[in-house]
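Please study the sequence and the structure before reading each solution.

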Amino acid sequence: MKAERGTILPGSATIIRNGRIIDPANKRDEVGDLLIVDWKFAEGSQLSTKKSQPEEIDATNLIVAPGLIDMHVHLREPGFAQKETIASGARAAAAGGFTTIVCMPNTSPPADNPSTIAWIKDRAVETACVNVLPTGAISRNLSGEELAPIGLLAQAGVVAITDDGHCVQNNAVMRRAVEYARMVNLPVLDHCQDYNLVGNGVVHEGYWSTLLGLPGWPAAGEEAIVMRNILLAELCDHHIHCQHISSAGSVRLIREARARGVKISGEVCPHHIALTDEAVQNFDTNYKMNPPLRSQADADALLAGISDGTLSILASDHAPHADFEKEVEFDAAPFGVVGLETELGLFLDLLVHKHGKIGMMRLIEMYTVEPAKLLKIDAGTLSVGATADVTLIDPQLEWTVCAGEFQSASHNTPFDGWKLKGRAVRTIVGGKTVWKL
Ligand SMILES: [Zn+2]
């Protein structure tokens, strides 16, 4: 079905029957029924006051989870609608099982001012079938030089600040940003890349970069900024979240810092555990991302970091690019791959089924409670009274990724044709089904 949002009639009720309800916020894992009245989760007693017959959804053999949150998504509006619009990105999210997505500020114009934030929020209300929460930039024009008006961005309703796609290099500027963010109670998200160390690197610096003669992007280029962020989180006593962690050294640094109580966290994207830099030998630009695919030892360290809780959040870094942009030489192609429609399948397949690194409860927690807590948003729970955002997941469903069928306006994925086990089969936002397999 086509994903679209609409208002639901007051007085309407839905019962999701006989599913395995997994609600990490309430430590709940049991087979049962879930009731929605109007657009909120409700108790059985509320049903008797309703005149109309409730809609029934059979969830036998399905997992009933709180609506999943992806806190790292690039929607390309304003500025690059040929890659993705807020509407098409939201449809991709719904098809992937996501009811809330957090969009990055590297649009054109960049989201470094309140009017662009207002425009994104309006556009999302008008056109998106899922909840779209904007972030604001740390620095004006993502230049890393002059701070964006962080207080005004907070008032405009951003859920965090980040220069994602870019990285503030000047540590004093970053310190001021973290201090301002603390004052207005906004988390800071950071794309960790030391420009001097990385230079013009396009693939992981190691065996394959040497063999292929491609400029290397060393793991130390990420780790130097992760370390900087740990120091600033301590100095400013404020949370910094390191986006798309890719290297073993970063995992080690974050693990040590968290053990000391530092307010630091890290997220993982599926491509960094599903693939290694060996994949770049065919020069296919769908294997070019930033940070790059790394070694097997790095991928193993990410898995260990997920297992022991060092890395607490799963996200896609959904980065749509048009075919004509990706179909160029490796050096010249833009970084990034789409991910909203494959990430849940990949993480279920790899983390739960294949490697047994975490159970279903923790996987759902990393997509709901963890991002909701970090961003201080009211989502990610099936509690009575909460907005009825629900994802129905078939954990055993075997399916094949078909990029040609994506809802996203772009198809730049390295996973086309992959056979995966587990996917979302229905996505409900505010009590209304916005997507169904
Ligand atoms: Zn990034």
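**Exercise 1. Classify the residues that line the largest cavity, and state which elements supply them.**

Step 1. By class, the lining has five nonpolar, three polar and three charged residues. Here Ala, Val, Leu, Ile, Met, Phe, Trp, Tyr, Cys and Pro count as nonpolar, Asp, Glu, Lys and Arg as charged, and the others, Gly among them, as polar.

Step 2. The structure is a predicted model, in which local features need pLDDT of at least 70 and side-chain atom pairs count only at pLDDT 80 or more, while totals for chains, interfaces and linings use all residues. Residues are numbered from 1 along each chain as its sequence is written, and side-chain values use heavy atoms, with hydrogens and water left out.

Step 3. A search of the whole structure gives three cavities of 30 Å³ or more, and the largest has a volume of about 50 Å³. On a 1 Å grid over the protein atoms alone, a cavity is a set of points where a 1.4 Å probe fits but cannot get out; lining residues have an atom within 4 Å of a point. Grid points are joined across faces, edges and corners, and the volume is the space filled by probe spheres set on the points.

Step 4. The lining residues include Ala95, Gly96, Glu343, Trp399 and Arg423. Two or more residues each come from helix 1 (86-96), helix 12 (343-354) and strand 16 (419-429). Helix 12 gives the largest share, three residues. Helices (H or I, at least four residues) and strands (E, at least two) are DSSP runs, numbered from the N terminus.

**Exercise 2. Describe the geometry of two aromatic pairs.**

Step 1. The whole structure holds four aromatic pairs. Rings of Phe, Tyr and Trp (its six-membered ring) pair if their centres lie within 6.5 Å; planes under 30 degrees apart count as stacked, over 60 as edge-to-face and the rest as tilted.

Step 2. Tyr207 and Trp208 are edge-to-face, 5.1 Å centre to centre with 90° between the planes. Phe347 and Tyr367 are also edge-to-face, at 6.2 Å and 65°. This second pair links distant parts of the chain, 20 residues apart: Phe347 lies in helix 12 and Tyr367 in helix 13 (residues 360-367).

Step 3. Phe347 and Tyr367 belong to one aromatic cluster with Phe98.

**Exercise 3. Which charged end sits over the ring of Trp399?**

Solution. The charged end of Arg423 does, 4.2 Å from the ring centre. The criterion is NZ of Lys or CZ of Arg within 6 Å of the ring centre and within 35 degrees of the ring normal.

Notes: 1 Å grid on protein atoms, 1.4 Å probe; cavity = no way out; pocket = protein on both sides within 12 Å on 5 of 7 lines; lining within 4 Å.
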